[in-house]
Amino acid sequence: MSLQTDGAALPEPALQALRAAVGPSHVLTDPDLRATYEADWTRRFHGVAAAVVRPGTVEEVAAVLRACGEVGAAAVPQGGNTGLVGGGVPRAAAPRDERGSPRPQVIVTMLRLRDIEAVDEVAGEVTVGAGVTLSVLQTHVRRSGWDFGVDMGSRDSATVGGMVATNAGGVNVLRYGGMRHQPVGMEAVLADGRIIRRLPGLVKDNTGYALGSLLAGSEGTLAIVTRVRLRLVPQLPRRAVALMAVDDAGQAAAFAAQLRRRLSTITAAELFDDDGMRLVLRHAGGEPPFREPHPRYLLIECGAAADPTDELVEVIAGLPSRDVVVASDEGGRLRLWKLRESHTEAVNAAGVPHKLDVAVPIGRIGEFDFAVRDAIHRADPDARTFVYGHVGDGNLHVNVLGPDPDDEAVDDAVLELAIQMGGAVSAEHGIGVAKVRWLVADRGESDVATMRAIKGALDPGDVLNPGVLFATPPGRD
Ligand code: MLT
Ligand code: ZN
C-alpha cells in the first residue's frame, strides 16, 4: 500500500524465455503499455512490473511460470483487473529474495484465454477459458435458455478465472451461492508449470481432494486457473424489483429475512444509505425514487418463469416500511438497480476509497452499521462514509473517502469492529495485500499455519502472487 515503487528488472535471458513462451508481441515492457495493468481500479494499489505477459494457451501459462521460477521472479496473475484489495497488481514494495534484494514482478494477464465451448444442454454446464468476462458468459448461456448463478456490477470486465481465484460473490449469492459453488471442473497451472486438469463436469465426483475448491478463493497464490467448467441455472425471464425505504440496516436485515422465507422467487436483497444514493444520483444522473429522503433503502429482486410482481407486492405490503416503489418493466427495474450498482463507480469518482468488505452475523447488521460509522468518525472525524452491500448475505461494503491511501487508521477501526462482532474481514473481495495484517486476527494461528503449509507444499519458491494473503513467504516465518 506504500507509495514506494520498486521496479527490479528481469535479466535478458528471462525476457527471452518469456518471449519464446508467448511470442514477442505478448511481452510488454514499455511503461506506457504496462501502465493500465500496474494500477488497480481504485488507484489505491499499484506497483511496477518488469513485464506484462499475455499467454494464449495453458501451455504458454506453464512456460511463463517456469521462466519466472528459474530467475526468482514473482508472477502476479491478473484477470479483468477489477479486484479491490490489491491482489491483482504488482506490489508497491517489491517482494524480496532471501538476500533482501527486490524480485522482478511479472504480470500474467489471462485475457487471451477466451475460448468458450457450446453449452452442454443435457448437463446444463459450460466450459470456458479463464479470460472470458462474466457478461460474455451470460450472453452465451442465455442464448440456450440457461443463466449463470453469479452476477455483479463489474460483469463487463470481471473474468471467470479472476472470479474463481477470488471467490467472487455478487448480488445473487442468497439464491445460488458464491463463485466457489459454481465450478464442476477446473484446469490450472501450478507454480512449477505442472498442469492439473479435471473437466469432465461430473456433478458428483468424490475421487480424492477437491483441488478446484481449494483454488477457489486462493487469490492466485496456489495456481493460475486457466479453464473452468461451470454449472448453469435456469433463466428467470420475468423479474420484479422493489425498493423499500426503511429506518435502519437492522430493519432492512429483518425484512430481508422475512422476504427470503416467504418469497420462493427472491434473487437479491441489497442495502444502501441515503448519502450513497445522493452520491449516485449526482454522479450518474436520475431522479430520487421517493419524495422524502429516508435513512436506508432495501432493494429486493424476484425472478421466475411467470411474472412474480403480485407475489412480491403481497408480501412487502405486510411489512411496515416507510415507503416503497415497485418496478416490473425493464426500464424501471434498471433505474432501481442503477441506484445500487452505481455506488462503486460513484464512490471511486469522488476520491480514492478505502473499501472494507466485511461480513457480520446477519442478526447484528443494524448494530454494526451504527457502530462502524461511530468508529470511523473517531478514527478520522473528516471521513465520509458510505455503507452498502448484500444485506441478505450479511455482507456490508464500508467505503470511506478522505483518509490518505496509505493511512490505515479507518481500515483498522472497521476490521477490528467486524472481528469483535463475530464477523470476517473479507466477505467477498478477499485479503489481497490490503488485509494481510488481519488474517491471523480473523482466522487464528492454526488456520493460517495450515494455509501456509499448503502454500509451501504447492509453491515452495513463492513464485505465485507473493505478498498476497501472507506477508512473508512460506518457510520464512
Ligand atoms: C459491490 O457489491 O458493489 C461490489 O462488491 C463492489 C464494491 O464494493 O464497491
Ligand atoms: Zn459486493
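Modeller: Two strands are taken to pair if DSSP finds at least two bridges between them. Please also keep in mind that this is a predicted model.

Colleague: Understood. Which strand does E11 pair with over 9 bridges?

Modeller: Strand E13 is that partner, and the two run antiparallel.

Colleague: Which residue in E13 is the bridge partner of Met244?

Modeller: Met244 is bridged to Leu298.

Colleague: How many bridges join E11 to strand E14?

Modeller: There are 5 bridges between E11 and E14, which spans residues 323-327, and the sense is again antiparallel. Within this pairing, Ala245 faces Asp323 of E14.

Colleague: How many residues of strand E11 are buried?

Modeller: Of the 9 residues in E11, which covers 238-246, 8 are buried, and the strand is thus mostly covered.

Colleague: Turning to the rings, how many aromatic pairs does a search of the whole structure find?

Modeller: The search returns 2 aromatic pairs. One of them joins Phe272 and Tyr297 in a tilted arrangement, with 5.5 Å from centre to centre and 35 degrees between the planes.

Colleague: Why does that pair tie together parts that are apart in sequence?

Modeller: Phe272 belongs to strand E12 (residues 266-273) and Tyr297 to strand E13 (residues 296-304), so the pair connects parts 25 residues apart in sequence.

Colleague: Is Phe272 buried or exposed? And Tyr297, buried or exposed?

Modeller: Phe272 is buried, at a relative accessible area of 0%. Tyr297 is buried as well, also with a value of 0%. The other pair is formed by Phe290 and Tyr297, whose rings are stacked, 5.8 Å centre to centre with 5 degrees between the planes. Phe290 is likewise buried, with a relative accessible area of 6%.

Colleague: Which residues do the ring pairs link into a cluster?

Modeller: The cluster consists of Phe272, Phe290 and Tyr297.

Colleague: What sits over the ring of Phe470?

Modeller: The charged end of Arg452 does, 5.5 Å from the centre of that ring.

Colleague: How far is an oxygen atom of ligand 1 from an N or O atom in the side chain of Tyr388?

Modeller: That separation is 2.6 Å. For the side chain of His429, an N or O atom is 2.8 Å from a ligand 1 oxygen, and for the side chain of His390 the corresponding distance is 3.0 Å.

Colleague: Does Glu187 count as buried or exposed?

Modeller: Glu187 is buried, because its relative accessibility of 6% falls under the 20% limit.

Colleague: What does the side chain of Glu187 make with the side chain of Arg197?

Modeller: The two side chains make a polar contact of 2.7 Å. The side chain of Thr226 is also joined to that of Glu187 by a polar contact of 2.7 Å. Setting aside residues up to four places away in sequence, Glu187 touches several others, including Val58, Ile195, Leu199 and Ile224.

Colleague: And Ala118, where does this residue lie?

Modeller: Ala118 is in the loop that runs between strand E4 (105-109) and strand E5 (125-129). Ala118 is exposed, with a relative accessible area of 64%.

Colleague: Which residues is Ala118 in contact with, leaving aside neighbours within four places in sequence?

Modeller: Those contacts are with Val126 and His140.

Colleague: Last item, the backbone. What is the phi of Asn81?

Modeller: Its phi is near 55 degrees, which is positive for a residue other than glycine. Most residues other than glycine have a negative phi. Asn81 lies in the loop between strand E3 (74-78) and E4, and this residue is buried at 15% relative accessible area.

Colleague: What is the phi of Asn465?

Modeller: Asn465 has a positive phi too, near 50 degrees. Asn465 is located in the segment following helix H16 (445-458) and is buried, with a relative accessible area of 2%.

How values were computed
Residues numbered from 1 in each chain as written. Chains lettered and ligands numbered in written order. Predicted model: local features only at pLDDT ≥ 70, side-chain atom pairs only at ≥ 80, totals over all residues. Heavy atoms only, no water. Phe/Tyr/Trp six-rings, centres within 6.5 Å; stacked < 30°, edge-to-face > 60°. Helix = DSSP H or I, 4+ residues; strand = E, 2+ residues; numbered from the N terminus. Buried < 20%, exposed > 50% of the residue type's maximum accessible area, 1.4 Å probe, protein only. Lys NZ or Arg CZ within 6 Å of the ring centre and 35° of its normal. Contact = heavy atoms within 4.5 Å. Polar contact = N/O pair within 3.5 Å; in protein donor to acceptor, adjacent residues only side chain to side chain.
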